[in-house]
Amino acid sequence: MQKNIMVKPDSANAVDYLKKDVLRDLQLKRLQHTVQHTYANVASYRKKMDERNVKPEDIKSLEDISKLPFTIKADLRDNYPFGLFARPMSEIVRLHASSGTTGKPIVVGYTQNDLNIWSEVMKRALMCCGLTKNDIVQVSYGYGLFTGGLGAHCGVEALGATVVPTSAGNSKRQVMLMNDFGVTAICCTPSFFCHLIEVAQEQGLDMRKMAIRVGVFGAEPWTPEMRKRIEEEAGIKAFDIYGLSEIIGPGVAIDCEHHAGLHIFEDHFYPEIVDPDTLEVLPDGEVGELVITTLTKEGIPMVRYRTRDLTSIVPGECACGRTIRRINRISSRSDDMFIIRGVNVFPSQIETALLSVDGTLPHYNIVLYTENGMDNIEVDVEITGELFSDRIRELESLQKRLTDAIAGTIGLRVKVKLVAPQTIQRSEGKARRVIDHRNK
Ligand code: DLL
């Protein structure tokens with residue numbers, strides 16, 4: 001086996017600006033090492049490669065990656081818990097798991113070097129949001145098996161900033177500490193932050209007057225309209241951080257101050273976009289499923305992992321000068337889509353429509369139901385307290401504007417129900433917005 005590819009966390013940021021050919025050389029070397037490492041140590045992966053008649057030596061260029069078989073979530077489930085680990089347990093220093101809705105979770109293991117790399121990419125991500133060691137960062141992603149809390153935590157420490165490890169939940173206390181400690185940045189889901197804004201308001205606190213200036217939001221899809229609302233209501237700059245447990249956790253990609261796509265830390269995570277049906281690799285700019293190959297992961301390397309997340313590679317270079325490529329914000333997962341009366345609908349399209357209309361709050365549910373044998377959508381959305389107690393005619397007009405806005409984005413007229421503030425359940429982690437009551 002080849003020696004480890006050690007990455008010193010301190011060499012971090014310069015890699016974002018490498019010359020393209022230097023980066024491609026680095027990626028190829030790392031890809032070749034990863035394929036050798038995986039072939040030598042992961043039986044199920046070796047079997048798949050043998051079935052395709054591909055050997056590690058066949059990877060002579062980055063394009064040769066298309067010869068390799070894909071990895072899917074079922075491979076992780078079938079090899080539960082440690083079957084895809086490429087290192088003995090004596091070298092695994094931490095486990096995380098993603099909370100599947102059904103059955104067993106997906107388990108991932110990290111060597112010490114994997115943890116160092118994770119801290120490094122998270123540090124680079126926080127630098128992308130303009131954070132420095134002078135910041136006080138509240139980490140309100142859940143700590144525990146979920147990667148959000150500890151992932152962000154280690155990144156803040158690597159940056160040398162001050163971490164406030166509040167974890168998720170207990171929103172009143174979160175707001176109190178944010179105010180008392182002079183917190184300047186927060187890491188949490190966008191839906192939880194919307195909740196924190198209203199909790200602050202209930203306590204007579206205005207986040208715009210507090211020290212907080214940056215939010216690092218992710219773990220769930222959110223729209224540019226949601227970003228606008230958050231930035232206005234809290235007086236902060238909001239950044240979009242992407243990641244998934246199977247690849248490392250948060251810190252796979254993040255947007256910079258230009259918000260023109262998320263820079264993917266491609267010296268560690270090699271991106272491809274494929275057509276989810278044909279699995280053909282798509283050119284830059286075309287939307288498809290994001291497939292990622294880890295280039296430095298030791299504990300559980302992932303070769304051509306199908307994320308199910310839909311995006312495209314942004315062509316061209318970013319005004320910030322980083323040379324690492326960008327992916328567009330993840331607006332949805334291929335398995336989030338529902339089909340109503342023959343129309344493909346993504347929840348994010350409904351969020352975009354709802355938040356483009358004044359008077360709505362960023363708390364909504366999408367209820368799917370069957371009536372007379374037909375599938376339908378009802379959108380329940382909270383509206384501001386003043387509007388709710390207003391005259392019927394105004395409410396009807398708002399309801400019509402919302403129905404029109406939704407019809408404008410999805411092409412279907414759906415039932416919109418205006419509900420009072422605080423009616424819709426708040427989430428502390430990933431929001432569950434779609435409630436499916438359809439007859440199956
Ligand atoms: O959610 C890791 C994470 C934690 C990312 C904190 C960002 C911040 P999982 O629980 O494995 O890991 O869920 C991964 O969440 O495949 C996407 O579908 C979704 N997701 C994550 N970040 C974003 C984002 C963490 N910024 C799954 N936008 C991924 C849209 C996101 N979807």
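Arg-333 forms a salt bridge with Asp-335, and their closest N and O atoms are 3.0 Å apart; a salt bridge here is a side-chain nitrogen of Lys or Arg within 4 Å of a carboxyl oxygen of Asp or Glu. Side chains of opposite charge can pair when their charged atoms come close. Arg-333 counts as partly exposed at 24% relative accessibility, and Asp-335 is partly exposed at 48%. In these terms, buried means under 20% relative accessible area, exposed means over 50%, and partly exposed lies in between (1.4 Å probe, protein chains only).

The model is predicted: local features need pLDDT of at least 70, side-chain atom pairs count only at pLDDT 80 or more, and totals for chains, interfaces and linings use all residues. Residues are numbered from 1 along each chain as its sequence is written, and side-chain values use heavy atoms, with hydrogens and water left out.

A search of the whole structure finds 33 salt bridges. One of these joins Glu-317 and Lys-20, at 3.2 Å from N to O. Glu-317 lies in the loop between β13 (313-314) and β14 (326-327), while Lys-20 belongs to helix α1 (residues 20-41), so this pair ties together parts that are 297 residues apart in sequence. Helices (H or I, at least four residues) and strands (E, at least two) are DSSP runs, numbered from the N terminus. Glu-317 is exposed at 58% relative accessibility, whereas Lys-20 is partly exposed at 34%. Salt bridges also link Asp-16, Glu-120, Arg-124, Asp-267 and Arg-322 in a network.

The chain is divided into domain 1 (1-333) and domain 2 (338-436), with bounds that come from an automatic or database domain assignment. Their centres, taken over C-alpha atoms, are separated by 30 Å. Contact, meaning heavy atoms within 4.5 Å, involves 23 residues of domain 1 and 21 residues of domain 2. About 1700 Å² is buried between the two domains, and carbon and sulfur atoms give 52% of that area. Buried area is the accessible area (1.4 Å probe) that two parts lose on being put together, summed over both. Across this interface the rule finds one salt bridge.

The interior comes next. A nonpolar core is a set of buried Ala, Val, Leu, Ile, Met, Phe, Trp, Tyr and Cys residues joined through side-chain atoms within 4.5 Å. The largest such core has 74 residues, and those with the most contacts inside it are Leu-68, Tyr-242 and Phe-269. Helix α4 (residues 112-128) gives the most to this core, with eight residues. A second, separate core of 25 residues includes Leu-354, Leu-368, Ala-405 and Ile-410.

Helix α8 (residues 224-234) has Met-226, Arg-227, Arg-229, Ile-230 and Ala-234 buried. Seen down the axis of α8, the buried residues fall within an arc of 165 degrees, so they line one face of the helix; the arc is that of the directions from the helix axis to the C-beta atoms. Among the elements they pack against are α7 (190-202), β6 (214-218) and β18 (360-371).

Loops can be followed in the same way. Ile-65 lies in the loop between α2 (43-51) and α3 (73-78), and this residue is buried, with a relative accessible area of 3%. Leaving aside neighbours within four places in sequence, Ile-65 is in contact with Leu-31, Tyr-270, Glu-272, Thr-293 and Arg-304.
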